Amino acid sequence: MKLSDFDFDLPEGLIATRPVRPRSSARLLVAEGDTITDSIVSDLTAWLRPGDRMVLNDTRVIPARLSGSRTRQSAQGEVSARIEVTLLEPQADSTWAALVKPLRKLHPGEVITFSADLSATADRIADGQAYLRFNLAGEDFDAALAEAGAMPLPPYIAAKRPADAQDKTDYQTVWARHSGAVAAPTASLHFDEPLLAALAAHGVSFTHVTLHVGAGTFLPVKVEDVTTHRMHAEWGRVSPEAAAEIAATKAAGGRVIPVGTTALRLIESAARGGAIAPWEGETDIFIYPGFQFRVTDGLMTNFHLPKSTLLMLVSALMGPERIRRIYAHAVKNKYRFFSYGDASLLLPG
């Protein structure tokens with residue numbers, strides 16, 4: 001399996017930089033077996049059956065992108081310089097791992113000021129990351145971060161425009177609960193309260209799980225033999241209640257359909273023993289063609305980058321040839337791609 005097997009031509013104009021409104025008015029490509037149908041997200045009830053269960057990732061994206069100034073004493077006195085920080089994840093020693101630009105200019109012990117309330121000291125630098133110790137913790141930290149931080153938009157959006165106040169709503173799911181992600185589970189961004197109510201009335205059930213999506217989700221695959229690629233690890237949890245709900249749906253003959261690749265990766269991590277079970281920890285599961293799905297019967301997901309691990313995942317679910325046809329149809333019919341783009345409902349049959 002070569003990296004080039006997962007490449008395709010994507011016109012620049014199909015990359016979405018803003019979502020459509022309302023959320024559920026996005027287009028929906030439905031691939032059921034070998035059949036492809038053009039629909040819209042608000043018509044999901046036409047494609048799902050009573051007794052189906054959708055699995056939703058309830059992680060909450062933090063405004064992890066910070067702009068500040070570092071200070072240093074020099075022979076000329078105190079010197080300040082701008083610095084850009086993207087928080088990655090909290091550490092056991094109460095520091096935060098972070099990507100910093102320019103990292104080479106930052107020294108341990110230096111203070112970075114982000115606002116009148118929020119600052120951090122560079123505790124140490126290792127493995128291409130800085131470890132920052134903030135002046136606040138708990139709810140005080142959350143409040144100051146919400147005020148000073150911006151949403152960590154994917155690189156292919158951030159290259160086209162800066163994050164703004166609207167992204168704090170647009171780049172968050174309506175059911176977000178548990179803070180910790182630095183990237184959104186983007187298929188979930190298509191849901192609003194009217195759609196959730198319509199699905200529930202149709203007999204579709206929902207289960208919440210948590211996977212804190214990390215910045216590693218945007219890292220490119222750099223090896224030609226994709227089977228040697230190593231995934232980033234992300235923390236997740238499938239509660240006993242969630243595992244029981246999913247197991248009951250399977251036993252009753254209903255379909256389990258995760259919303260987003262993050263929810264899919266999590267429930268398949270929790271089912272490595274053969275059946276879904278309560279699970280908590282870090283997963284680096286890598287799903288590519290040949291993978292044996294134990295829980296997933298379908299997937300709702302956005303359209304992914306060429307040569308990405310997410311394209312490999314959907315190729316594993318539908319088969320590489322079918323995915324090539326699906327993506328060719330999406331490009332030909334001008335579906336909007338990536339985080340703020342349109343959606344697909346993949347039902348392998």
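Two strands pair if DSSP finds at least two bridges between them, and strands themselves are DSSP runs (E, at least two residues), numbered from the N terminus, as are helices (H or I, at least four residues). By that rule strand 1 (residues 27-32) pairs with strand 2 (residues 35-40), antiparallel, through six bridges. What you're looking at is a predicted model: local features need pLDDT of at least 70, side-chain atom pairs count only at pLDDT 80 or more, and totals for chains, interfaces and linings use all residues. Residues are numbered from 1 along each chain as its sequence is written, and side-chain values use heavy atoms, with hydrogens and water left out.

**Around strand 1**
- Two residues sit between strand 1 and strand 2 in their hairpin, where glycine 33 takes a positive phi near 65 degrees.
- Arginine 27 faces isoleucine 40 of strand 2.
- Strand 1 also runs parallel to strand 17 (residues 343-347), joined to it by five bridges.
- In that pairing, valine 30 stands opposite leucine 345.

- Strand 3 (residues 53-57) pairs with strand 14 in the parallel sense over three bridges, and methionine 54 stands opposite isoleucine 257 in strand 14.

**Aromatic rings**
- Searching the whole structure turns up 15 aromatic pairs; rings of Phe, Tyr and Trp (its six-membered ring) pair if their centres lie within 6.5 Å, with planes under 30 degrees apart called stacked, over 60 edge-to-face and the rest tilted.
- One of them joins phenylalanine 286 and tyrosine 288: tilted, 4.8 Å centre to centre, with 55 degrees between the planes.
- Phenylalanine 286 is buried at 13% relative accessible area, while tyrosine 288 is partly exposed at 23% (buried is under 20%, exposed over 50%, partly exposed in between; 1.4 Å probe, protein chains only).
- A cluster linked by ring pairs takes in Phe8, Tyr156, Phe303, Tyr327, Tyr335, Phe337 and Phe338.

**Charges over rings**
- Arginine 27 turns up again here, its charged end over the ring of tyrosine 335, 3.9 Å from the centre (NZ of Lys or CZ of Arg must be within 6 Å of the ring centre and within 35 degrees of the ring normal).
- Arginine 124 lies over the face of tyrosine 131, 4.1 Å from the ring centre.
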